[in-house]
Amino acid sequence: MQQKKIFYGWTIVTVTFLIGLTQAGVFQNVLAIFLKPMAEEFGWNRSIITGSIAVGSLAGGILSPLVGPYLDRHGPRKAAFLRITILSAGLIALSQLSSVWQLYLFFGTGRMIASSLLSLVVTVSVSNWFIEKRGRAMGISQLGSRIGIAFLPLLVQHIIISYGWRTAWAVLGIIVFAFSALPSLIFLKRRPEDVGLLPDGSAAKKNLENDAERADKKKQPSRFNLEDEPLWTRKTAFRTTAFWQLVFVMCDLSGRGRG
């Protein structure tokens, strides 16, 4: 039997998993590991340090409505690579930190990128490549940020104890670049149609037509049809109660889970 090729969409899931993993580098629980050594060296209180999270999150929320249309038109590859590179450079720059405004600039910018562009890159990319298996693919990709939240603080703590907090910032920046910027540039594709595929691994429209013909003979609905995927405009979505309910729930969960 001819070996079945692995659908490229699972490569997209792997890349978005890695993006989520390194995205956690600018979450509150990672910054919390740096609180004590930075506060001791500079004499800053915790509110001053954690304020950079609030500034970055607010800026990211303001930019998010602009990021979505950009990703729809131009795709995630170049945007993700450029922004992750900026995020990585900011983390490395924190190793030379000397003033509080630098913390707000470098960490706040990274937080803004993570909460606006990177979170949308993950969901938009997976949604474009999967319809029938979207829930499974989205669940796997979202595991990345959860694993990052669990293990990045442990790694950072070990580096701080062994080499100091400045080295820890630099290493964190290098990890973010290596694990997500380079894979984004190499592997991210906007849609399966761009490489001659269809969502969920249908290599050609003929496969869908054959499914439909067999379903007609059995008088049963076909397994999957692209035409069944609803297309929502922004104005249409804004008019639905479900949209605003999802916005409220996601904002609440994001605030509690990521700080």
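Let's begin with Arg166, which counts as partly exposed because its relative accessibility is 27%. Its side chain meets that of Glu41 in a salt bridge, at 2.9 Å from N to O. This pair links distant parts of the chain, with Glu41 in helix α2 (residues 28-42) and Arg166 in helix α7 (residues 165-187), 125 residues apart. Please keep in mind that this is a predicted model.

**Overall build**

- The protein has 10 helices and 0 strands, so its pattern along the sequence is written α-α-α-α-α-α-α-α-α-α, each run being a DSSP helix.
- Of the 259 residues in the protein, 37% are buried.
- Among contacts with a separation of 6 or more, 80% are between residues 24 or more positions apart.
- The accessible surface comes to about 14,800 Å², and carbon and sulfur atoms account for 62% of that area.

**Salt bridges**

- The count of salt bridges comes to 2.
- Glu41, the acidic partner of Arg166, has a relative accessible area of 44% and is therefore partly exposed.
- The side chains of Asp194 and Arg190 also meet in a salt bridge, with an N to O distance of 3.9 Å; this pair still qualifies because the cut-off is 4 Å.
- Asp194 is partly exposed because its relative accessible area is 47%.
- Arg190 is partly exposed too, with a relative accessible area of 26%.

**The largest nonpolar core**

- The largest nonpolar core holds 49 residues, and Phe34, Met38 and Trp169 touch the most other members.
- Two or more residues of this core come from each of α1 (9-23), α2, α3 (46-74), α4 (77-93), α5 (100-129), α6 and α7.
- Helix α5 gives the most to this core, with 10 residues.
- Beyond its neighbours within four places in sequence, Trp169 is in contact with Leu31, Phe34, Met38, Leu91, Ile92, Leu94, Ser95 and Phe107.

**Val121 in helix α5**

- Val121 is found in helix α5, and it counts as buried because its relative accessibility is 0%.
- Setting aside residues up to four places away in sequence, Val121 touches Thr16, Ile19, Leu71, Pro76, Ala80 and Leu188.
- Val121 and Gly68 are 53 residues apart in sequence, and their C-alpha atoms are 8.7 Å apart in space.

- The side chain of Ser145 makes a polar contact with the side chain of Arg146, at 2.7 Å.
- Ile147 is also found in helix α6, which spans residues 134-163.
- Ile147 counts as partly exposed because its relative accessibility is 31%, a value that also passes the patch requirement of over 30%.
- Together with Leu143, Phe151 and Leu154, Ile147 makes a nonpolar surface patch of about 390 Å².

How values were computed
Residues are numbered from 1 along each chain as its sequence is written. This is a predicted model: local features need pLDDT of at least 70, side-chain atom pairs count only at pLDDT 80 or more; totals for chains, interfaces and linings use all residues. Side-chain values use heavy atoms; hydrogens and water are left out. Patches are made of residues with over 30% relative accessible area and no salt bridge: like charges are joined within 9 Å, nonpolar side chains (Val, Leu, Ile, Met, Phe, Trp, Tyr) within 5 Å. Accessible areas come from the Shrake-Rupley method with a 1.4 Å probe; for residues, only the protein chains shown count as cover. Helices (H or I, at least four residues) and strands (E, at least two) are DSSP runs, numbered from the N terminus. Buried means under 20% relative accessible area, exposed over 50%, partly exposed in between (1.4 Å probe, protein chains only). Contact means heavy atoms within 4.5 Å. A polar contact is a pair of N or O atoms within 3.5 Å; within protein, one must be able to donate a hydrogen and the other to accept it, and residues adjacent in sequence count only if both atoms are side-chain atoms. A nonpolar core is a set of buried Ala, Val, Leu, Ile, Met, Phe, Trp, Tyr and Cys residues joined through side-chain atoms within 4.5 Å.
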